[in-house]
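Me: Please walk me through the salt bridges and the sheet of this protein. Keep it brisk.

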Amino acid sequence: MTSPYIYGLHAVKALLTNPQRKIELLYLSRDRNDEKIKQIEILAREQSIRIERLAIPDLNRQFREIAHQGVVAVVKPLPELNEADLLPLLDAGGASELAAVAGQSHHAITPATARGCWSAS
């Protein structure tokens, strides 16, 4: 299972522009008031996301192992998918290409080649 936290200025800003991801709570540093934090706060308020401001020592204590840059989002997990979900996603236009990694080789799989690799069973 993946972590319920997304952190860092660029990652959280990208998260806020992704309609597929849902943020339950956004922690912002009380000690930062620069333009980057303000932009994130504006995006969060536009989406009615609950914001909690904490002092840097409190953020560091709560999120010991991460370099948060003063911003941490608590996110709802993405649905778990498997290979049976691949063809419907490709058919729906969910991805134009998929990178498949097997061992040390990397291959780009297009919707046409995916049908030859997997069959939905």
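Reply: First, a definition: buried means under 20% relative accessible area, exposed over 50%, and partly exposed in between (1.4 Å probe, protein chains only). The model is predicted, so local features need pLDDT of at least 70 and side-chain atom pairs pLDDT 80 or more, while totals for chains, interfaces and linings use all residues. Residues are numbered from 1 along each chain as its sequence is written, and side-chain values use heavy atoms, with hydrogens and water left out.

Me: How many salt bridges does the count come to?
Reply: A salt bridge is a side-chain nitrogen of Lys or Arg within 4 Å of a carboxyl oxygen of Asp or Glu. By this rule, the count is five.

Me: Is Glu41 buried or exposed?
Reply: Glu41 forms a salt bridge with Arg45, which counts as exposed at 54% relative accessibility. Glu41 itself has a relative accessible area of 16%. That makes Glu41 buried.

Me: What separates Glu41 and Arg45 in helix α2?
Reply: Helices (H or I, at least four residues) and strands (E, at least two) are DSSP runs, numbered from the N terminus. Helix α2 covers residues 35-46, and the two residues lie four apart in it. So the separation is about one helical turn.

Me: Which residues are linked in a network of salt bridges?
Reply: Glu41 pairs with Arg45, the closest N and O atoms being 2.7 Å apart. Arg53 also forms a salt bridge with Glu41, with its closest N and O atoms 2.6 Å apart. This second pair links distant parts of the chain, twelve residues apart: Arg53 in strand β3 (residues 51-54) and Glu41 in helix α2. The network is Glu41, Arg45 and Arg53.

Me: What is the closest N and O distance between Arg32 and Asp34?
Reply: Arg32 counts as partly exposed at 23% relative accessibility. Asp34 is partly exposed too, at 26%. They form a salt bridge, with the closest N and O atoms apart by 2.7 Å.

Me: Which strands stand at the edges of the sheet?
Reply: Two strands pair if DSSP finds at least two bridges between them. The open sheet has four strands in the order β1-β4-β2-β3, with mixed pairing. Each edge strand has a single partner, so one side is left without a neighbour in the sheet. The edge strands are β1 (5-7) and β3.

Me: Which residue in β3 stands opposite Ser29?
Reply: Strand β2 (residues 23-29) and β3 run parallel. Four bridges join them. Opposite Ser29 stands Leu54.
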